[in-house]
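I opened the model to look up a few local features. My notes follow in the order I took them.

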Amino acid sequence: MRVEPGGGTRGPDAETETETATETATETATETETEETAEVPGALPEALTGFVGYLLRRVSAHFAACSDGPEGGSRDFLVLDALTGGDWASQLDLAERLGINRTLMVGVVDRLEGRGQVLRTRNPDNRRQYVLSLTDEGRSAVEAGRRAVAERDARLTAALTPEQASRLDTLLARLLPPGTQDLVRGTGHLVAQAHHRLRRLGDEKLAGTGLRVRHYGPLSLLATSGPCPQQRLAQELAVSGPAASQLVDELVAGGMVHRGRDPHDRRRHALELTELGHTQLKRVAEAVGLLAAETAELLGPGGEDDLRALLGRLLEPAHPGAAEATARRD
């Protein structure tokens, strides 16, 4: 039976695994759903293509858009596949390792248990936890799932050679926590997990500021472009109109952006940074820089350049010029 790091279990003050997710976890799930529908084809902003985290977000959204099944099916497979190594002593711990928020994890396990693929029992060492076990039916589902994942990955990485695809998986795994690297299989799943982890690491650096890593793009573009219509901002960010509107609403509510009149067309609003916006841009830029340095360290020598170039190749069909913009610079 697998236990939590250090060989112990959570103490009596641990939260029960069926409690409602925290506000942060709920926001993360909603943010993921928004990202998957926000990206649109077009040239990517040059100021952002140097960041692995940004490219991962674009590739993750692209993969999700190309998925031939519901997102819940992907989570189901991740849990089943993780259980092939043995029983898991804590449902909550497994959810955290796989990057699945605890409320969604309850639904996943309910589905798997209902199909007879997973057995959920109380942990005899801690009655507040559930032990997860894979059934024979679950093992059969894993084998079918692995074949489906391999076929999907082959489609998603068709722009890469087998050697490049293997290198991509190696680099993506380095971005995951050590306890997760052996649990996640398949390029699609690795991309999603790496993206989620970098986003969390970046947002943690901005805790208490009212900022998120996703605010760096619009703030930096407005700082260099001056007052501009929201439609133009959406085009430059290569995101949908609703996605741009959501970002702008967040920045306006935070006092970082002002909606004024377009000096070239008084019928339209123009967006410009406030004094606070310029100050907050410095803060988020510092966090993004720290995240980039941390990412480079995780990837090792040459890893950042390699990963950026590989992600650019995957984005090229929908975003012409992405491969060239992200190519290694000698």
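I started with the lining of the second largest cavity: Glu96, Arg97, Leu98, Gly99, Leu176, Pro177, Thr180, Gln193, Arg197 and Arg200. Helix H4 (91–98) and helix H8 (187–204) are the elements that give two or more residues to this lining. I took helices as DSSP runs (H or I, at least four residues), numbered from the N terminus. A cavity here is a set of points on a 1 Å grid over the protein atoms alone where a 1.4 Å probe fits but cannot get out; lining residues have an atom within 4 Å of a point. I noted a volume of about 50 Å³ for the second largest cavity. The lining divides into three nonpolar, three polar and four charged residues, with Gly counted as polar.

This is a predicted model, where local features need pLDDT of at least 70, side-chain atom pairs count only at pLDDT 80 or more, and totals for chains, interfaces and linings use all residues. Residues are numbered from 1 along each chain as its sequence is written, and side-chain values use heavy atoms, with hydrogens and water left out.

Next I looked up leucine 44. Leucine 44 sits in the loop between helix H1 (23–38) and helix H2 (52–65). Is leucine 44 buried or exposed? Leucine 44 counts as buried because its relative accessibility is 13%, and buried means under 20% relative accessible area with a 1.4 Å probe, protein chains only. Leaving out residues up to four places away in sequence, leucine 44 touches Thr49, Tyr54, Arg58, Ala238, Leu315, His319 and Ala322; contact means heavy atoms within 4.5 Å.

Methods:
Buried < 20%, exposed > 50% of the residue type's maximum accessible area, 1.4 Å probe, protein only. 1 Å grid on protein atoms, 1.4 Å probe; cavity = no way out; pocket = protein on both sides within 12 Å on 5 of 7 lines; lining within 4 Å. Points joined across faces, edges and corners; volume = space filled by probe spheres on them.
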